[in-house]
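Take a look at the model below and keep it open while you read. We'll walk through the places where chains meet, then go inside.

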Amino acid sequence: MFPQLLVNSLIAGAIYALVASGFSLIYSTCKFVHFAHGATIAFSAYFLYFLFSDLGLSFGLSVIFTIIFASLLGWLMDKVVYKKLRQRKASKVILLMTSFALLIFFESLILMLFGADVKTIGYVKIARGFDFLGAIITPLQIVIIAVSLVLLVLLYFFMKRTKIGKAMRAVADNKEVAEVVGISAENIYSWAFIVGSAIAGIAAILVGLEQNLEPMMGTNLMIKGFTGAIIGGIGSVPGAVLGSFLLGFAENFGIWFLPSGYKDAIAFAILFIFLLFRHQGILGIGRNSK
Amino acid sequence: MSKTLQIIIGIIIIAIIVALVFVFGTGKTTEGLVKIGVLAPLTGEASQWGVPPKEGIELALELIKNRVDNKKVEVIYEDTQCDPAKGVSAVQKLINIDEVDAIIGAVCSSVTLAIAPIVEKSEVPLISPASTSPKISDAGDYVFRVVPSDALRGEVFADYIKNDVGLNKVAILYINNEGGAGNKDSFKKRFEELGGKIVAIESYAQGTKDVKTQLMKIKNQNIQAIVIVSYPADSVIILKQAQELGLSLPLYFQTEALEDPFVLEAAGESANGVIYILQADPSGREVEKFENMFEEKFNRAPALYAAEGFDAFNLIIKAIKECKAETDLSSCIKDELYTIKNYQGVSGTITFDGKGDVLKPMAIKKIIENGKKKVLMIK
Amino acid sequence: MVESNWSNILQIKNLKKYFGGVKAVDSCDFEVEKGKITALIGPNGAGKSTVFNLVLGLINPDSGKVVFNGKNITGLKPEDISNLGISRLFQQTRLFNNLTVKENLLLAMDNKDVKFWKNLLGGNKVGKDKEKRIEQMLGLVGMEKFKNKISRDLSYGQKRLVELIRAVLKPHIFLMLDEPVAGVNPKLRKSIKGLLLKLKYQGETILLIEHDINFAFSVSDEVIVMHQGKILAKGTPTQIKNNPKVLEAYLGEQFSAGSS
Amino acid sequence: MISAYLIHLLILIGIYLILAISLQLSVGFTGLLNLGHIAFYAIGAYISALLALAGLPFWFCFLLAGIGAMFFGFLLAISTNKLKGDYLALATLAFTFVIYAITLNWTGLTRGPLGLPGIPKPSLFGFTFSDNFSFLVLVFVIALISYLIITRITKSPFGRVLEAIRDDELATRVLGKNTFKMKSYALGISAFFAGIAGSLYAYYITFIDPSSFTLSQLIPVLAIVIIGGLASLKGTIIATIILVLLPEPLRFVGFPSSIIGPARQMIYALLLLLILIKKPRGLYGRIELE
């Protein structure tokens, strides 16, 4: 049974990582908890459903448009709402509250536009997974794990090599200093939202295919994604992916021994323990409060 | 006080005044008006089984062209979000402001249990289209429901599996919410009474999309079948992941979820051979008429509990007709409802017992192949 | 001021603190004599503020000992060290921005406000004598009319003055001031210098970090020069002025002959 | 009769007021971004419900609910002492999820998802608060006492130290105050009142289950504290009235029945966003967090 548990954990971890990486990118740069990231994922998944199942666009086109839609949605949230609050130097608790309000708003909008009934994107047929060293896994699940790992590598290079990536890390490290050397923080915030939400688009596509769609999917994914991000180290994006895989493993191996009702309890207990003993997470940089 | 502050406070006050005027405006002409309140989770996680009953009611209202005898029928919808506190707020408003004559709802047992004492004290009859918790049976004289309690469903299904199919060792996978736990408890009690053995019990949280490890734990045991209690969305996930894991065990769903067209469409062949239990359909004619009319209005098939919403509304209308010029319409409706025997509803033949519960024959159905179903037994 | 038999109020013994590769404090040894004003000077990054943080327990040393008033206080919590009688002024302003000047000062005057039940039942009211003391201290630096102003609305210089008064008002036997006159206009510098000298004549012991060497020399009895985490030299201002090591490593051209 | 409906709303306002002013004590006055408040609300509700169902007198269940919640408040304070800002928010939010998972799965104690129905009406000195009006009087009196106690705390020198901790904890420690003890008191007292509110909720709604104590119940209370204005008890009262009454007029607006649910949620979210953007410091906010 061990290989199958391993595969289940990898799949779960990969899905959480897709959610956590986007969220963590936005958090590390803009320094606030953007809970409405879940709504971006949910809305993008429904947008893919609208393009592919309703309008009947080709799957390839629908995917590209969905990713564009996701980054546009994230960018709009920043420009229309968060930017005003930043200009008024609103404190973190207000930004957090605003992200909750945005989450409620978008989830109700999805409910109004698409109704409450369960939707599935019928692109991938349900078929018995094939054997892979004694564990059963479907092609889509392999794609999810692969994309998640590739994403980790791409993100790593994006942050290390590209101009925007370095600027983001500079702003994340010290906004004032970054501005002194000519990086416009506002500009970088927009980029953080664009890239972070694009990742949310990718997550929406893969999760939308693997699971069915419901209006509240954003909140559920977001809670696990942010748990993974914190365990991995809220400040570091690769950490978020690592933390998400750890969460996937802990949950699945955990309920192998404990009654399965405790799946969420295990996840949150680990989160709590990490926040107490190593609050900066595995890869996080310990911000010693001066 | 700054300008913007005054604007905000102004908006709130105007809104409240408008609301009260709106209320008083309609309040007066109650003679020629029958008011029915509807409580259902229209948003939030439970909206997937809160919206269908509302649609069933809308269809029924349209069919009677908003009138009964010489009175106009008005339906007022309230969103409970499956939250007891919001349910109490909504029912207080329906009873004390709108002065409704009857209530259809709530959907979630938790809300029904919270509002039961209030409707009991205000003597307003309530018919729940979906609350299945056994506790509701003795929640009050004014509390009715058109769905069998989990207790009944669990017993019938346990009898069927133990005696008719003849299985002794099963596992249970249930959704960890009020409906799921209620069904699990009643099945387990009855099945063990009959000498069967529950080898493993696994659960999953509402809203989870990954039950692979739970299925694996069950696959690991030596059992003859899995009894599953789930809602529409989760049923698709369970069927999909069971197929993906190559689970060959026969699946028995103690839920009407498989009757939901979305589930069959999404699950595809992974649903073939699955057996589930639901309230027995009356003669086909009744159900087909309802489904065609529903399709015409909403251009999609009726989802779970839409039929129950439809029946609940028509039962109240039937009671109102009998009551004619009664002064205290609410109590009269209550008394009339207790006289309902073998009512041919679209959700099954309905007879109310002394506690307002419904005695409905249960049907065991088997899904032959992509959507085609066969009734195996009526118990 | 409680009399203790030791002539030195503070002893630093072989203190070490490395941040990664940076040797912020590299085995320092020095003492601070009671009843005197001692200045700790040195170029930026010499480790002066780090020594202050080590003494006050904000960060723990890698090795070495801090003895205060005959008691080894290494590793104690900041609040416990502070209650032994040390009052500190931070380098950047750390006033309680949302509270008024008076509230900032009241917080320092005693620790009776941490008792929950006494405060809940109405004890610990602000007595007449406290009001007078606050008014009197604020008068020293001409800030009495700002008593009820919210601290964040004060200018930088005014904030420094209030913080200085807060440090002095806190019951203490040893004052540690981190650049008390930095960013303060010349007129106010004179009144601060006057205040420090007045405190010294009242028998107080002051250790201050100062960038402005002229001000340091003009007010202190002893000077300790730090450079790259080490003690370069110790002595009276005149000795330090002529000390070749200090001249070469640190003072160089900017030291002007006359003192202000 | 309209009065019964208004009485119901006033009872809700009373309960939410106790919840909001106690949250204000930890968020507004002590600067502890405590998102675990609903967990204490749940603990209080469950303790008093279980004891009431066991037939114990009202005053005993009521007080024990407060004390029980306070105990968990101290526990949380001790474990999260070193955490600041976002980390504290995330740890306390994780605490809420842990308590939710426990109440959901410890079926032996809490009957899990089946909840606890049939909680008896409270009775004091022989008088049973059976009708809503007498219950309103009870809630009003308790809310008034809570308000007076919390006002007294925040106006006293003890409250001044809490505000000092909010503005600059390090400087407060350097003045010789044991901020750890003070923060524990603040969190403990705020948890006590949340427990009291939970007890009143249980007695009033007569049925509690885990789903009544989740993130969606935290958002309105946090909104009240922010919109009322941090560290302003007067603002909190007005914000409680506004936010509890806000959804009510929406019930009377005749939306087409197909979108009635989501439409109200969206307007509620929009109004929330409007107030947050227009007044980031809240209606009576007088302080600025960093």
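How many residue pairs are in polar contact between chain A and chain D (both at pLDDT 80 or more)? The count is four. Keep in mind that this is a predicted model, and let's see what else goes on at that interface.

Chain A puts 43 residues in contact with 41 residues of chain D. Together the two chains bury about 4,100 Å², and 82% of that is on carbon and sulfur atoms. Val93(A), Met97(A) and Met112(A) supply 15% of the area that chain A buries here, more than any other three residues. As for salt bridges between chain A and chain D, the rule finds zero. On the chain A side, at least two residues each come from helix H3 (59-87), helix H4 (92-114), helix H9 (217-232) and helix H11 (263-277). H4(A) has the largest share, with 15 residues. Sort the chain A side by class and you get 31 nonpolar, six polar and six charged residues.

Now turn to where chain B meets chain A. Here 37 residues of chain B are in contact with 34 residues of chain A. The pair buries about 3,100 Å², with 56% of it on carbon and sulfur atoms. Three residues of chain B, namely Lys209(B), Met216(B) and Glu244(B), supply 19% of what chain B buries against chain A, more than any other three. There are four salt bridges between these chains, and twelve residue pairs are in polar contact (both at pLDDT 80 or more). On the chain B side, strand S8 (197-204), helix H7 (212-219), helix H8 (232-244) and helix H9 (261-267) each bring at least two residues. H8(B) gives the largest share, seven residues. By class, that side of chain B has eleven nonpolar, 15 polar and eleven charged residues.

Which residue of chain A does Lys209(B) meet in a salt bridge? The partner is Glu214(A), at 2.3 Å from N to O. There is also a network of salt bridges that joins residues of both chains: Glu210(A) and Lys263(A) are linked in it with Asp210(B), Lys212(B), Lys240(B) and Glu244(B).

Zoom out for a moment: over all chains, the whole structure has 52 salt bridges. A few of them are worth a stop. Within chain A, Asp264(A) pairs with Lys224(A), and their closest N and O atoms are 2.8 Å apart. Asp264(A) sits in helix H11 and Lys224(A) in helix H9, so to speak a link between distant parts of the chain, 40 residues apart. Are these two residues buried or exposed? Both are buried.

Chain B has a pair of its own, Lys93(B) with Asp98(B), at 2.8 Å from N to O. Lys93(B) counts as buried because its relative accessibility is 1%, and Asp98(B) is buried too, with a relative accessible area of 9%. Asp178(C) and Arg88(C) are both buried.

Last stop: helix H1 (residues 48-55) of chain C. Why is H1(C) largely enclosed by the rest of the structure? Because seven of its eight residues are buried. Those buried residues include Lys48(C) and Asn53(C) as well as Val51(C), Phe52(C) and Leu54(C). After H1(C) comes Gly57(C), with a positive phi near 75°.

Methods:
Residues are numbered from 1 along each chain as its sequence is written. Chains are lettered from A and ligands numbered from 1 in the order in which they are written. This is a predicted model: local features need pLDDT of at least 70, side-chain atom pairs count only at pLDDT 80 or more; totals for chains, interfaces and linings use all residues. Side-chain values use heavy atoms; hydrogens and water are left out. Contact means heavy atoms within 4.5 Å. Buried area is the accessible area (1.4 Å probe) that two parts lose on being put together, summed over both. A salt bridge is a side-chain nitrogen of Lys or Arg within 4 Å of a carboxyl oxygen of Asp or Glu. A polar contact is a pair of N or O atoms within 3.5 Å; within protein, one must be able to donate a hydrogen and the other to accept it, and residues adjacent in sequence count only if both atoms are side-chain atoms. Helices (H or I, at least four residues) and strands (E, at least two) are DSSP runs, numbered from the N terminus. Ala, Val, Leu, Ile, Met, Phe, Trp, Tyr, Cys and Pro count as nonpolar, Asp, Glu, Lys and Arg as charged, and the others, Gly among them, as polar. Buried means under 20% relative accessible area, exposed over 50%, partly exposed in between (1.4 Å probe, protein chains only).
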